[in-house]
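Reader: Please show me the model. I would like to go through it one question at a time.

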Amino acid sequence: MHVLPPLPYDYSALEPYIDTKTMEIHHTKHHQSYINNLNTIFETHRELEEKSLDELLISLDLIAELEVREIVKNNAGGHWNHTFFWGLLDANGQKMPSGELLMEIERTFESFENFKYKFKDVALKRFGSGWAWLVRDKDGKIEVYSTANQDCPISEGKTPLIGLDVWEHAYYLKYQNRRGEYIDAFWNILDWSKVN
Ligand code: MN3
């Protein structure tokens, strides 16, 4: 059985970039519901409960029943993605990557500004609900891409370095339809020391 991990900061800690109400609903309702759904499927599929979240997501193919696989993908993914996302945020964190990672970003995307531009582009183009990511792929290269719904990059053999929730529930109260402003605000609360 999984339980909702407490946030490492107050619901108001990311103001004004993400408002208190959004953080509270996002954590206690949305994130909690992925955990509840996962626990519910464990009741009828005990063999799944023995596996860690990572094991479930890395080997979704091992779940033969398609309906169950879909439930696990969405809800184990939802739990993983949100836990990862909360852990990246800090309004007083490091605002720039440094060292090896900065050099790698500059090599791959030409400049840090260009990386942010690319990330925003990918996040804006994700139609409907999903996530924007900076990941390290199987060959060790970094890349920016997005996933639909709660699909988690580890299911595709990629290791997330940064993830941004672009579901409307993540920003609608404050930004309404202005996803771009929410993406811009993200750079003020992403703590690069956590990414490093
Ligand atoms: Mn969310």
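Reader: Is strand E1 largely enclosed or open, and how many of its residues are buried?
Author: Strand E1 covers residues 130-136. Buried means under 20% relative accessible area, exposed over 50% and partly exposed in between, with a 1.4 Å probe and protein chains only. Strands (E, at least two residues) and helices (H or I, at least four) are DSSP runs, numbered from the N terminus. E1 is largely enclosed by the rest of the structure, because the buried count is six of the seven residues.

Reader: Before we go on, what are the ground rules?
Author: This is a predicted model: local features need pLDDT of at least 70, side-chain atom pairs count only at pLDDT 80 or more, and totals for chains, interfaces and linings use all residues. Residues are numbered from 1 along each chain as its sequence is written, and side-chain values use heavy atoms, with hydrogens and water left out.

Reader: How many bridges pair E1 with E2, and in which sense?
Author: Two strands pair if DSSP finds at least two bridges between them. E2 covers residues 142-148. Val 135 stands opposite Glu 143 in E2. The count is seven bridges, and the sense is antiparallel.

Reader: Which residue in the turn of the E1 and E2 hairpin has a positive phi?
Author: Five residues lie between the two strands of the hairpin. Phi there is about 90 degrees at one glycine in the turn, and that residue is Gly 140.

Reader: Which residues coordinate the manganese ion, and at what distance?
Author: Donors are N, O and S atoms within 2.8 Å of the metal (3.2 Å for Na, K and Ca); water is not among the atoms, so sites may look incomplete. Along the chain the donors follow the spacing H-x55-H-x82-D-x3-H. The residues are His 26 (NE2), His 82 (NE2), Asp 165 (OD) and His 169 (NE2), at 2.0 to 2.1 Å.

Reader: How many residues apart are His 26 and His 169?
Author: Both His 26 and His 169 are buried. His 26 lies in helix H1 (residues 20-44), and His 169 in the loop between E3 and H7. The pair links distant parts of the chain, and the separation is 143 residues.

Reader: Is His 82 buried or exposed?
Author: His 82 lies in helix H4 (residues 66-88). Contact means heavy atoms within 4.5 Å. Not counting residues up to four places away in sequence, His 82 touches several residues, including Tyr 34, Trp 131 and Gln 150. Relative accessibility is 0%, so His 82 counts as buried.

Reader: What is the length of the polar contact between the side chains of His 82 and Asp 165?
Author: A polar contact is a pair of N or O atoms within 3.5 Å; within protein, one must be able to donate a hydrogen and the other to accept it, and residues adjacent in sequence count only if both atoms are side-chain atoms. For the side chains of His 82 and Asp 165, the value is 3.0 Å.

Reader: How many aromatic pairs does the structure hold?
Author: Rings of Phe, Tyr and Trp (its six-membered ring) pair if their centres lie within 6.5 Å; planes under 30 degrees apart count as stacked, over 60 as edge-to-face and the rest as tilted. By that rule, the count is 17.

Reader: Is the pair of Phe 109 and Phe 115 tilted or stacked?
Author: The ring centres of Phe 109 and Phe 115 are 5.3 Å apart. Their planes meet at 55 degrees, so the pair is tilted.

Reader: What is the angle between the planes of Phe 115 and Trp 187?
Author: Phe 115 is in helix H6 (residues 112-125) and Trp 187 in helix H8 (residues 179-189), 72 residues apart. Both are buried. The rings are 5.7 Å centre to centre and edge-to-face, at 70 degrees.

Reader: Which elements do the buried residues of H8 pack against?
Author: H8 is largely enclosed by the rest of the structure, because eight of its 11 residues are buried. Among them are Tyr 182, Phe 186 and Trp 187. The packing partners are H4, H6, E3, helix H7 (172-175) and helix H9 (192-195).
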